[in-house]
Amino acid sequence: MTADQIKVYLVEDDPDFILLARELFSGCAGEALLRSGGTLAAAGPEIERWKPDLILLDLMLPDSRGLDTLRSVCSRFPSLPVVVMTSVSDKLLGEEAIAEGAQDYLVKGRCDSQTLLRTIKYSIERKKLLEEKELLIAKLRAALAEVKQLSGLLPICFGCKKIKDKDGKWVKLETYIIGHSEAEFTHGLCEECVGKYCKDMESGIKNGK
């Protein structure tokens with residue numbers, strides 16, 4: 001095995017199809033490596049140890065049937081892309097599997113080595129993009145949660161304008177806002193304050209201060 005090889009674990013109990021799958025993988029120019037197990041019970045521990053890049057899954061196994069097989073695999077290995085294998089008569093099941101979390105499906109006996117390899121690569125990339133999307137959504141939700149901390153009633157001192165934080169400490173208004181948002185502060189003087197400070201300075205000069 002080389003570092004660039006894609007590791008694929010096939011969950012399949014039909015010895016004829018396992019043989020066919022090995023022949024297909026042998027035609028992938030060494031780009032993919034295959035291991036297999038015949039039941040979910042046997043495959044689970046091997047997948048955890050081997051850490052494949054993708055799971056190739058038959059939905060009809062001795063210890064699991066239909067979409068429950070996919071749900072079980074996705075629940076146990078949520079970060080792994082899954083490609084479902086279906087029979088010619090189960091194309092609809094393959095489409096339902098995609099809706100349930102599979103990245104793609106292949107019809108047994110209807111694909112060659114290059115189609116198999118292309119589907120595997122596409123499914124790995126699609127899973128990666130979906131995870132990046134979910135991470136971005138999580139970050140946006142966290143940012144919105146921070147913004148929402150500035151909503152509602154805030155205890156503020158009417159004299160010095162400090163804010164009481166959740167720990168009961170009085171902090172400067174700008175310190176509180178910086179800690180609960182992405183805002184930053186630059187300091188200056190408004191026209192009203194400029195006029196006030198100028199008057200104070202003039203008064204101080206006249207009084208010899």
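This is a predicted model: local features need pLDDT of at least 70, side-chain atom pairs count only at pLDDT 80 or more; totals for chains, interfaces and linings use all residues.

Residues are numbered from 1 along each chain as its sequence is written, and side-chain values use heavy atoms, with hydrogens and water left out.

**Exercise 1.** Describe the surroundings of Ser 123.

Solution. Start with the helix: Ser 123 lies in α5, residues 113-148 (helices are DSSP runs of H or I, at least four residues, numbered from the N terminus). Next, its relative accessible area is 0%, so Ser 123 is buried (under 20% is buried, over 50% exposed, in between partly exposed, with a 1.4 Å probe and protein chains only). Then list its contacts, meaning heavy atoms within 4.5 Å: leaving aside residues up to four places away in sequence, Ser 123 touches Leu 54, Pro 81, Val 83, Gln 103 and Asp 104. Finally, Leu 54 is 69 residues from Ser 123 along the chain, with 8.2 Å between their C-alpha atoms.

**Exercise 2.** Find how many disulfides there are.

Solution. Apply the cut-off: a disulfide is a pair of cysteine sulfur atoms within 2.5 Å. The count is zero. For Cys 111, the closest cysteine sulfur belongs to Cys 28, and at 9.2 Å it is too far for a bond. Cys 160 is in no disulfide either, with the nearest cysteine sulfur, in Cys 157, 3.6 Å away.

**Exercise 3.** Is Cys 111 buried or exposed?

Solution. Check its relative accessibility: the value is 16%, so Cys 111 counts as buried. Cys 160, at 47%, counts as partly exposed.

Technical notes:
Helices (H or I, at least four residues) and strands (E, at least two) are DSSP runs, numbered from the N terminus.
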